Amino acid sequence: MIRVASGLRMVLAAFALAAFAFFLIGPLVNLALWSVAERWYTPYKLPVVYGTRYWEQVFRPTGDAMASLATSVWIAVLTVLLALALSIPAGYALARLKLPARAFFMVLFLLPQAFPSVAIYINVARVFYNIGINGTVFAVVLVHAAHGLVYSVWIAAAAFAAVDKDLELAARNIGASPLKTFFSVTLPLAAPGIIASGIFVFLESLDEFTGTFFVGVPQVTTLPLLLYNAAMGGNYQVASITALILLVPSVLFMLFIERFLRADVLAKVGA
Amino acid sequence: MSLSQRNLALLLIAPGLALVAALFLYPLCFSLISAFTGPQGGFSLQAFGKAWELYSGDVVFTVVIVLASCFFTGLAAIIIAGTLTLGENRWIVGTLKALYRWPLFIPFIVAAQCMRTFLAKNGLMNNSFVSLGLIEPLQAVSYLDWRGIIATFVWKQTPFVALLLAGALASLDRATLEAGRNLGASRMRVLVELALPQVMPQLLVALVLSFVTMLSVLSVPMMVAGSQPTMLTVDMAFRINAYGDYATANALGVITYLISAGAAIIYLKRGMAKENTP
């Protein structure tokens, strides 16, 4: 009797797991199917004609997708550079120097993430429009950097906090200047955490839709905007292929994040 | 001239703060002032009157969608994290562990595109149900409305909440949990009565973050459910793009701040409490 009950429980658990897998993976499978469906209409449950015609259309050097991909990557690279240029000094100050009202400053960097952002973006767009930079790559980079700053500042502060102070003291004792100590001891040791924060900011910028929608349109078209336009225009193939391109860095990041972000750094985030 | 450490710290932090001030604090103040200013200037609640008259239904809709999404996200995360921590079947735990994180870093806009095709009347979900004989072809309905938004939010946010929760559960003292099991409590009971109360702070913080995130998303309600009623983010974009009506859009913005304020206060209180503990 007990064996029957436990067998039944196993079957139920396996069934629940299968249902979970279906709802988790199903939407992604649907996306992949659409990307290779040259013709697919009701009442057919699967594509009628499979093919790579739309992939060729998307990857044509003159195609919109390649131009949008280039714009997206360019914006993301500039965003990372700007965010790191601001967050490395800020992170160092927050982790290592005596700063009055430190908790207040930490919260201040968090705020752009802790507020619903649409109302902020519409007013940023208005200001940018007035000073004539709306619709430029520069404007989009500024918006993405402000958004990514919480990750880069908080993770950089955690990475600097995780660096052993004795190593810095040792360098100072053998005669290194504070600046030399920073560049030859502190920064290299904090680098894995800072690289991780850079990757995070890069991905956030690549995936960002709302800010670009208000500040970049119509001159700047990033991949998420291309995806949105294709989807709303009913071109599910181009939308799905663009979505798959956007998935690649996200999935790679998920697989590699553990290598970059060490547990001792993670434990100090927000501390 | 040598700088004091305090001044050096302020100098190093200033450029970052300047960017936050210019691109967050200034527009925030601007949205507040614009929402409370009448057409002739001066203090006025006119924009709120108009916002409420046109969009009160969407305010309620937004709150219900976000609360329901948080509820189901929390429930799914508890089931996943609970199974990962207390599950005894290695095969099930292993499969779940390999699967559950997939949507974690997937952008909202990609999630929206996935669901747009998956949940449609002739999407993969309905087609699979018909093929399995679970429903008749005529029973297939489109879920591209409020149900689609909730499904997308839960699909996207559950891994994040489950990840934080599983981390917190894994760091609990195993001895108490084992003791509960040895005394004859079921795994369900150990999870609900012993483990969950200890990790409530982490669950709460993860859900508050998810709450504000969902409240800010524009792509999902636009792509998954375009028609009325819709979420406030779509209404704001519409007021700006169609009418250039900043006053009403900013009034709606202030309403979203107020909705998230409750959640943010809980979050900040937790942060401050943590800051004060030695």
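Across the interface of chain B and chain A, zero salt bridges are found by the rule (a side-chain nitrogen of Lys or Arg within 4 Å of a carboxyl oxygen of Asp or Glu). The model is predicted: local features need pLDDT of at least 70, side-chain atom pairs count only at pLDDT 80 or more, and totals for chains, interfaces and linings use all residues. Residues are numbered from 1 along each chain as its sequence is written, chains are lettered from A and ligands numbered from 1 in the order in which they are written, and side-chain values use heavy atoms, with hydrogens and water left out.

**Interface of chain B and chain A**

- In contact with 81 residues of chain A are 77 residues of chain B, where contact means heavy atoms within 4.5 Å.
- The two chains bury about 7200 Å² between them, 79% of it on carbon and sulfur atoms; buried area is the accessible area (1.4 Å probe) that two parts lose on being put together, summed over both.
- Of the area that chain B buries against chain A, 10% comes from Leu23(B), Phe24(B) and Phe105(B), more than from any other three residues.

**Helix pair across the interface**

- Helix H3 (residues 64-96) of chain A and helix H1 (residues 5-35) of chain B have axes that come within 8 Å and cross at roughly 135 degrees.
- Axes are lines fitted to C-alpha atoms, for helices over the stretch in contact, and angles run from 0 to 180 degrees between N-to-C directions.
- H3(A) and H1(B) are therefore oblique to each other; angles under 35 degrees count as roughly parallel, over 145 as roughly antiparallel, 65 to 115 as roughly perpendicular and the rest as oblique.
- Their crossing is left-handed, meaning that the near helix is turned anticlockwise from the far one by less than a right angle, with clockwise for right-handed.
- H3(A) makes the contact through Leu86(A), Pro89(A), Ala90(A), Tyr92(A), Ala93(A) and Leu94(A), and H1(B) through Ala9(B), Leu12(B), Ile13(B), Pro15(B), Gly16(B) and Leu19(B).
- This contact of H3(A) with H1(B) has 11 nonpolar residues, one polar and no charged (Ala, Val, Leu, Ile, Met, Phe, Trp, Tyr, Cys and Pro count as nonpolar, Asp, Glu, Lys and Arg as charged, and the others, Gly among them, as polar).

**Chain B**

- Chain B has 11 helices and zero strands; helices (H or I, at least four residues) and strands (E, at least two) are DSSP runs, numbered from the N terminus.
- Along the principal axes, the C-alpha atoms of chain B fill a box of roughly 70 × 70 × 30 Å.
- The axes of helix H7 (residues 174-182) and helix H8 (residues 187-216) of chain B come within 10 Å and cross at roughly 135 degrees.
- H7(B) and H8(B) are therefore oblique, and their crossing is right-handed.
- From H7(B), Thr176(B), Leu177(B), Gly180(B) and Arg181(B) meet Arg187(B), Val190(B), Leu194(B) and Ala195(B) of H8(B), a contact of four nonpolar, two polar and two charged residues.

**Salt bridges**

- Over all chains, the whole structure has nine salt bridges.
- One joins the side chains of Asp245(B) and Lys50(B) (3.3 Å, N to O).
- Asp245(B) is in the loop between helix H10 (232-243) and helix H11 (246-276) of chain B, and Lys50(B) is in helix H2 (residues 46-86), 195 residues apart.

**Backbone of chain A**

- Most residues other than glycine have a negative phi, and most peptide bonds are trans.
- Ala101(A), not a glycine, has a positive phi of about 55 degrees and is placed in the loop between H3 and helix H4 (102-114) of chain A.
- Val217(A) and Pro218(A) are joined by a cis peptide bond with omega about -5 degrees; Pro218(A) lies in the loop between helix H9 (210-215) and helix H10 (223-232) of chain A.
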